Amino acid sequence: MGWLSLVGLHWLSTGENRFGSDASNEIQLHAEEGEVPPLAGTLTIADGEVTVEPAHDAELTVEGGAVPKGLRLIDDEAEQPTILELASLRIYLIRRGEGRLALRVKDTAAPVLRAFSGLDYFPTDPRWRLAGRLLPAEPGSTLRVPDVVGDVLAEPTPGDVEFELGGSVHRLHALEAQPGHLWLVFADQTNGSETYGGGRFLVTGAVQPDDSVEVDFNLAYNPPCVFSPYATCPLPPEGNRLPFRIEAGERTWAAGH
């Protein structure tokens, strides 16, 4: 399921967190297909761990079978988080900031999935395919990266990417992407009009042995927050706001929230 199916984000409190369709629950859920019972279960947070207690006769499942009482939920920091299934909903635990926990809810029958008609891009233009260079950071260096929910995390950084455009040299702080590539979270002067107001993402080409790297802004893409108000996207770190228009890559999704 992609980001279009994301329909809810519920921050959890220490102790018991009841979930179901009834308004008295700490977490109120509704599904596009199938029935969510008034009380589907209870999540309990203790010592940084979350367990789930399904309500009697609630059709709450995991991996196709009934959810056992006291099941400990694995969060999204693991490769395979525990995914609970309830009607058309798919529910799992995320961990953000300094150990904050939330329940992320996706709906396989979300109306926006049926309405989606594709993405919009600037015309591909080779002038936005630039020769860059990685300026390596000291081993163990980190970069302060804010996100849309107010957290600021120190993330490992391999260094800065330097490139020339319009006769001037510019730098962007880089994060780690897949091995050998760099991830740029950047803003430019198209944000808020042609492109998403919170910036865009870009994965570079492979860093070469001489630290040269291709920076192709035609490959710039939107963060998940374009598709749902319940995503927890990183924002451009300080220094990653370019003072000109990058008329390349993915535009704002026309039906964005």
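Visitor: What accessible surface does the protein have, and what share of that surface belongs to carbon and sulfur atoms?
Guide: Accessible areas here come from the Shrake-Rupley method with a 1.4 Å probe. The model is a predicted one, and its C-alpha atoms fill a box of roughly 70 × 40 × 30 Å along the principal axes. On that basis the accessible surface of the protein comes to about 13,100 Å², and the share belonging to carbon and sulfur atoms is 48%.

Visitor: How many helices and strands are there in the protein?
Guide: Of the contacts in the protein with a separation of 6 or more, 54% are between residues 24 or more positions apart. As for the elements themselves, the protein has one helix, and its strands number 19.

Visitor: Which strands stand at the edges of the open sheet of six strands?
Guide: The order in this sheet is β18-β17-β16-β15-β12-β19, and its pairing is antiparallel. A strand with a single partner has one side left without a neighbour in the sheet, and the two strands so placed are β18 (200-203) and β19 (212-216).

Visitor: Which residue in β19 is the bridge partner of R129?
Guide: Strand β12, which covers residues 129-136, pairs with β19 in the antiparallel sense over five bridges. Within β19, the bridge partner of R129 is D216.

Visitor: Is A131 buried or exposed?
Guide: A131 lies in strand β12, and, leaving aside residues up to four places away in sequence, A131 touches E162, F163 and V213. A residue counts as exposed when its relative accessible area is over 50%. The relative accessible area of A131 is 71%, so A131 is exposed.

Visitor: What distance separates the C-alpha atoms of A131 and W11?
Guide: Along the chain, A131 and W11 are 120 residues apart. In the model, the separation of their C-alpha atoms is 43 Å.

Visitor: Which strands stand at the edges of the open sheet formed by five strands?
Guide: Here the order is β3-β2-β4-β5-β8, and the pairing is mixed. Each edge strand has a single partner, so one of its sides is left without a neighbour in the sheet, and the strands in question are β3 (27-28) and β8 (71-72).

Visitor: Which residue in β3 is the bridge partner of G20?
Guide: Strand β2, made up of residues 15-20, pairs with β3 in the parallel sense over two bridges. Within β3, the bridge partner of G20 is Q28.

Notes
Residues numbered from 1 in each chain as written. Predicted model: local features only at pLDDT ≥ 70, side-chain atom pairs only at ≥ 80, totals over all residues. Heavy atoms only, no water. Helix = DSSP H or I, 4+ residues; strand = E, 2+ residues; numbered from the N terminus. Contact = heavy atoms within 4.5 Å. Pairing = 2+ DSSP bridges. Buried < 20%, exposed > 50% of the residue type's maximum accessible area, 1.4 Å probe, protein only.
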